[in-house]
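Work through the exercises below with the sequence and the model at hand. Each task is followed by a solution in steps.

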Amino acid sequence: MEKLLVFHLDDNNLKKLKQITGALKVRVEEVPSSDYLKPLEMIANKTASPLIQPFSGKVPAESLIVFCDFTEKKMDKLLASLRRDQVVIDYKAVLTPTNRKWNVMRMYLEMQAEKTAYQKNKA
């Protein structure tokens with residue numbers, strides 16, 4: 001079943017997101033900042049490790065969602081609904097074989113680097 005991992009989304013946008021995902025039968029999992037050092041794979045699968053300490057640093061200001069197990073058609077439908085309802089989410093990513101081993105902080109760094117590169121190429 002498709003699921004969205006949600007990081008640092010404000011209440012208004014989270015409410016809109018949940019209305020959209022409810023209609024599409026997509027599960028939404030809000031991830032607490034204490035899990036930001038866990039690999040995305042562990043968060044998605046709800047597994048734990050005693051070796052991973054809880055995150056206690058400064059949380060990134062940007063919001064992030066990670067799409068897990070989506071078909072292209074379902075993702076397109078969800079993205080169109082997010083645009084239509086003006087849900088503001090800074091970063092959107094798909095869980096891949098490459099990034100599933102990354103922790104949340106690494107994902108944020110990668111997303112920030114991609115955004116910077118995109119803006120540089122656009123200018």
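**Exercise 1.** State how many helices and strands the chain has, and in which pattern they follow.

The chain has 4 helices and 4 strands, where helices (H or I, at least four residues) and strands (E, at least two) are DSSP runs numbered from the N terminus. Along the sequence the pattern reads β-α-β-α-β-α-β-α. This is a predicted model, in which local features need pLDDT of at least 70 and side-chain atom pairs pLDDT 80 or more, while totals for chains, interfaces and linings use all residues. Residues are numbered from 1 along each chain as its sequence is written, and side-chain values use heavy atoms, without hydrogens and water.

**Exercise 2.** Classify the ring pair of Tyr-36 and Phe-55.

Step 1: rings of Phe, Tyr and Trp (its six-membered ring) pair if their centres lie within 6.5 Å; planes under 30 degrees apart count as stacked, over 60 as edge-to-face and the rest as tilted. This rule gives 5 aromatic pairs.
Step 2: the centres of Tyr-36 and Phe-55 are 5.9 Å apart and the planes are at 25 degrees, so this pair is stacked.
Step 3: Tyr-36 sits in the loop between β2 (27–30) and α2 (40–45), and Phe-55 in the loop between α2 and β3 (64–68), 19 residues apart.

**Exercise 3.** Is Tyr-36 buried or exposed?

Buried means under 20% relative accessible area, exposed over 50%, partly exposed in between (1.4 Å probe, protein chains only). Tyr-36, at 1% relative accessibility, is buried. Phe-55 is also buried, at 15%.
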